[in-house]
Amino acid sequence: MQSLNPKKQVTVIGAGISGLTTAVLLQEQYNVRIVSRERPGELKDGYTSPWAGAHWRSHAELDDILRQGLEKETFIHFWDLAHTKPSETGIMIVDGLDYWDENPPLEWNEPWFKDLCPEYRHLTKDELPTDVEFGIKFKTVTINPPKYLSYLLDRFYALGGIFIRITLSHIQDAIFDNTDIVINCSGLGSKTLGGVQDQDVCPASGQTVLVQLPIGHVNWTFSRYAFGDLNKIYNFVGPQDKEELKGKGKIINYVIPRDNGEVVLGGTYDLHNSSTTPDAKIADTIIARCLSTRPDLLPKGETKLKIIRHGVGLRPVRKNGIRIEAEWILSEKTGEKILLCHNYGHGGFGFQSSYGASMRVVQTLKQSLSEGQGQNSNIYEKI
């Protein structure tokens, strides 16, 4: 006998961290298919998630309560997985360290997460690296992106989800004969995807160096900031190289370990740059500054880091922030109204907001279904 209330048929566009997380949560209640140009596990230009660091370190402003909420939910979720499923998810607990070359740092305020992350405190002078004037320490998590994406895909399949490999040119291409709902998690693709074409979306390239170290050798992650004097960032290159590098975006520094001994060294932030070609001089600068900050990155007796690969990822930045919004559109195939929900524009913080943002998508979807086809829901439009 056919059910009187058949499950809604949902299409999720994108198999990055946003698409997979949203698909898993929705598959628990609906029939979901993911449509994507890439498959989790592939390293391809424009497919952001596999190139990510990734760790949890919020930069939400003190008055940005909505984004704080997304990242808090995600932290709690990751913290639980790090305790219950570390080998499956690639999530591990480490010491988080923030270093500033100035004391006090520019426009310093205690971060909002000081009461969320365990063991938050200021570093003492003797704990600070050379040329670092101020720092904080707290417990956080790092994520092995390939492993975590595979974990989500496996969960999705176990719940009965379907994956279709396809390249879309228009949002209408994601509407199949029985589709009721479309979730747009296309990231950078939202700039060119027909029916969306959000011109507030742009790439911010980030160059990294992936190195191999003994498992467990690095049980901390750090970010180093030098807002006052950019010469401090470029002091590992010659004067001629310095001017050349300055034209290629800001070099920032971080070290993010993974559970398999891989360690990500970064990085750069170059807004509106879509090139994915690594720059050898920038790579040398990244390595030198990371080693200068934490010489213990290099194991005793070793003289050189073992480089696995150089990479450049493209962060899906959106001028007006994350877009979590629902609207009703007409299917060109059937003439029926389709609920379209968006979840993109996470910039370089896709992993650390992924679970919270996907939960908001589910809430927004349900609210729109309950309100009916006459209204669009944009209460979470800017986050």
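I started with the record. UniProt, in an unreviewed entry, lists Tyr254, Arg315 and Gly348 under "binding site". The model I am reading is predicted.

**Entry 1, Tyr254.** I looked up where Tyr254 sits. Tyr254 belongs to strand S10, which spans residues 250-257. Is Tyr254 buried or exposed? Its relative accessible area is 14%, under the 20% cut-off, so I note Tyr254 as buried. Next I checked its contacts, leaving out residues up to four places away in sequence. Tyr254 touches Thr208, Phe222, Ser223, Val264, Leu265, Gly266, Gly267, Cys290 and Arg315.

I found Arg315 in strand S12, residues 306-318. Arg315 is buried too, with a relative accessibility of 14%. What does the side chain of Arg315 reach? I find the backbone oxygen of Ser205, at 3.0 Å.

I then moved to S2, residues 31-36. Five of its six residues are buried, so I wrote the strand down as mostly covered. S2 runs parallel to strand S1 (residues 9-13), and five bridges join the two. One partner pair I noted is Thr11 with Arg33 in S2. I followed the chain from S1 through helix H1 (residues 17-27) to S2. This β-α-β crossover is right-handed.

**Entry 4, S2 and S6.** Which strand do four bridges join to S2? I find strand S6, residues 162-165, again running parallel to S2. Here I noted Val35, whose bridge partner in S6 is Ile164.

Key: Residues numbered from 1 in each chain as written. Predicted model: local features only at pLDDT ≥ 70, side-chain atom pairs only at ≥ 80, totals over all residues. Heavy atoms only, no water. UniProt positions renumbered as here; feature names shortened; annotations may be inferred. Buried < 20%, exposed > 50% of the residue type's maximum accessible area, 1.4 Å probe, protein only. Contact = heavy atoms within 4.5 Å. Polar contact = N/O pair within 3.5 Å; in protein donor to acceptor, adjacent residues only side chain to side chain. Pairing = 2+ DSSP bridges. Right-handed = clockwise from strand over helix to strand, strands pointing away.
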